[in-house]
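Have the model open as you read.

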Amino acid sequence: MAPSASGRPDRPDGPERPDSELLAALLDGMDAALCAFDADGTVTHWNHEAERILGWTAAEAVGRKGLGGWAARPGDARDVEERLTEAMGATGRRVHEFALLTKDGGRVLVRTQSSRVPGLDGRPAGVYCAFSEVHAQVDLERSIALSEALLADASWNVVLVDADLRVAVANTSAAGALHTTRRAAPGRPLGDFLDQGVEEVEAALQHVLAEGVPPAPTELWVTVRDADRADAADGFEGAEGVRYELLDDDEAVRGEGADRGETGAAARRRCWRSGFLRLASPLTEEPAPLGVAWIFQDATEAKGQEQESARMRFRGNQLHRAARAAAECEDPMEAASIHLDFALAGFADHALIDLVLDPPPGAPADRIRLVRAAATPTGTPGPCPPVVPGGIPLAYPEGHPALQAVERCGSVRASTRRSDEHAAAQWAAARKWPEGAVHGLCAVLRSRGRTLGVVTFLRTSSRRAFDRTDAAYAEDVAARVAASVDLAVRRC
């Protein structure tokens with residue numbers, strides 16, 4: 001009767017049968033090749049993986065003395081037997097590499113782990129030897145080393161997310177990007193780290209789990225939670241580095257301060273260029289999802305430069321087109337409104353032109369009065385046609401951004417801090433601006449050394465607040481509008 005991997009008959013009689021069958025099943029189910037020798041060097045066990053690597057069946061291997069002449073060349077057999085004998089007399093495991101012979105005469109380099117088998121009396125009763133092909137072992141070790149390197153100090157941000165979309169592991173770079181630590185990240189959902197954009201990230205991860213890896217990297221815009229960062233989005237800067245604070249009833253007052261640039265949520269908004277890898281267990285017949293490896297780099301600066309370049313090109317083209325269209329206008333005020341029509345595209349939702357009204361006889365000369373000369377429709381955004389001036393000054397309250405722009409001959413920006421719709425509507429109504437306006441930018445109209453008025457650009461809540469670049473563009477538009485307005489005034 002042919003022996004099994006345990007070296008005993010396939011169907012032994014007596015109480016040893018269940019134990020021997022269990023041992024044979026365990027040995028044959030191992031992923032590593034295994035053979036065992038008794039104290040005399042006779043092969044006692046030979047499992048299926050050893051048969052797969054070398055081609056010798058258990059029936060052909062069990063009972064042979066040593067490996068020489070069949071599983072090892074005579075010149076190699078002595079060295080193999082010496083190492084096995086050494087392992088039998090030592091404590092712990094011994095790792096060696098040597099060449100074995102396959103049944104068809106080929107040679108295969110294997111890496112072995114050998115350890116003694118103690119008998120009932122505690123003395124060595126034999127030695128077992130687990131082995132695998134060296135290239136397979138090297139591939140495994142290389143994969144493990146790569147994983148450890150990626151999850152340690154790699155410059156890329158690497159986050160392993162489990163099937164429940166919770167962080168499993170994050171490397172040092174990723175933990176820093178998420179404003180956390182490697183020890184605190186595992187087990188927490190992404191919503192604990194991301195404020196805005198978490199839905200897009202989770203949707204991408206679910207897509208990878210369900211359908212596989214996308215063909216190209218994905219750019220995800222996110223806002224990272226940071227409770228320690230103060231939200232200073234309650235101010236604005238004017239020209240020459242002058243900062244205007246929004247105090248009390250959100251009034252714009254002049255105040256000196258350093259240009260702190262972008263603040264608040266806008267400063268924490270990041271563009272992460274992301275790649276994804278679906279992880280599956282190699283130990284199952286059908287791939288079982290283990291999660292997703294999310295690898296990303298911060299591309300905010302490069303993306304911002306790309307967007308700024310595209311914005312500058314577009315605005316330059318708009319200025320050029322506006323100049324050509326205005327040159328065909330016979331009426332200078334129509335030319336001024338055309339400049340605003342072209343400037344509104346992609347820049348603002350509403351535009352107003354207010355002209356300085358000469359003070360009446362006997363009135364203080366330093367009192368600023370403005371009259372409306374052109375305006376976009378108050379209901380929905382549209383063209384900015386001239387209006388017939390009625391000579392009645394606008395009832396702008398003291399400290400209005402338009403009045404401040406005329407007073408200081410510069411640009412003034414203002415934004416409401418009110419988040420609810422009703423309060424924002426009151427904020428716009430108090431400034432005589434169209435309903436829905438939450439961001440304003442006033443640029444003075446200057447020509448031939450005189451202040452002619454002010455042009456106001458307004459944005460609704462769907463757009464971000466005006467920044468310094470927007471102010472510079474508004475001043476370019478204002479210079480062209482002022483030239484047309486000056487010509488219209490001279491004609492009157």
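**Where two helices meet**

In H9, the residues Glu308, Met312, Arg315, Gln318 and Leu319 make contact with Thr469, Asp470, Tyr473, Asp476, Val477 and Arg480 of H13. Keep in mind as you look that the model is a predicted one.

How are the two helices placed against each other? Two packed helices are described by the angle between their axes and the distance between the axes. Helix H9 covers residues 300–326, and its packing angle with H13 is about 10°, while the axes lie 12 Å apart. Angles under 35 degrees count as roughly parallel, so H9 and H13 are roughly parallel to each other.

The largest nonpolar core has 30 residues, and Ile353, Leu445 and Phe457 are the ones that touch the most other members. At least two residues of this core come from each of these elements: helix H10 (332–344), strands E15 (350–356), E16 (370–375), E18 (437–447) and E19 (450–460), and helix H13 (468–491). The biggest share is that of H13, which gives 9 residues. Another core, of 28 residues, lies apart from this one, and its members include Phe37, Ala87, Met88 and Val108.

Next, turn to the backbone, where two loop residues deserve a look. Leu165 sits in the loop that joins strand E6 (157–161) to strand E7 (167–170), and its phi is near 65°, a positive value in a residue other than glycine. His179 belongs to the loop between helix H6 (172–177) and strand E8 (194–196); here too phi is positive, near 60°, in a residue other than glycine. Is each of them buried or exposed, or in between? Leu165 has a relative accessible area of 10% and is buried, whereas His179, at 47%, counts as partly exposed.

Finally, step back to the whole chain. Its secondary structure comprises 13 helices and 19 strands. There are 492 residues, and 42% of them count as buried. Among contacts with a separation of 6 or more, 54% link residues 24 or more positions apart. The accessible surface is about 26300 Å², with 52% of that belonging to carbon and sulfur atoms.

Note on methods
Residues are numbered from 1 along each chain as its sequence is written. This is a predicted model: local features need pLDDT of at least 70, side-chain atom pairs count only at pLDDT 80 or more; totals for chains, interfaces and linings use all residues. Side-chain values use heavy atoms; hydrogens and water are left out. A nonpolar core is a set of buried Ala, Val, Leu, Ile, Met, Phe, Trp, Tyr and Cys residues joined through side-chain atoms within 4.5 Å. Buried means under 20% relative accessible area, exposed over 50%, partly exposed in between (1.4 Å probe, protein chains only). Helices (H or I, at least four residues) and strands (E, at least two) are DSSP runs, numbered from the N terminus. Axes are lines fitted to C-alpha atoms, for helices over the stretch in contact, and angles run from 0 to 180 degrees between N-to-C directions. Angles under 35 degrees count as roughly parallel, over 145 as roughly antiparallel, 65 to 115 as roughly perpendicular and the rest as oblique. Contact means heavy atoms within 4.5 Å. Accessible areas come from the Shrake-Rupley method with a 1.4 Å probe; for residues, only the protein chains shown count as cover.
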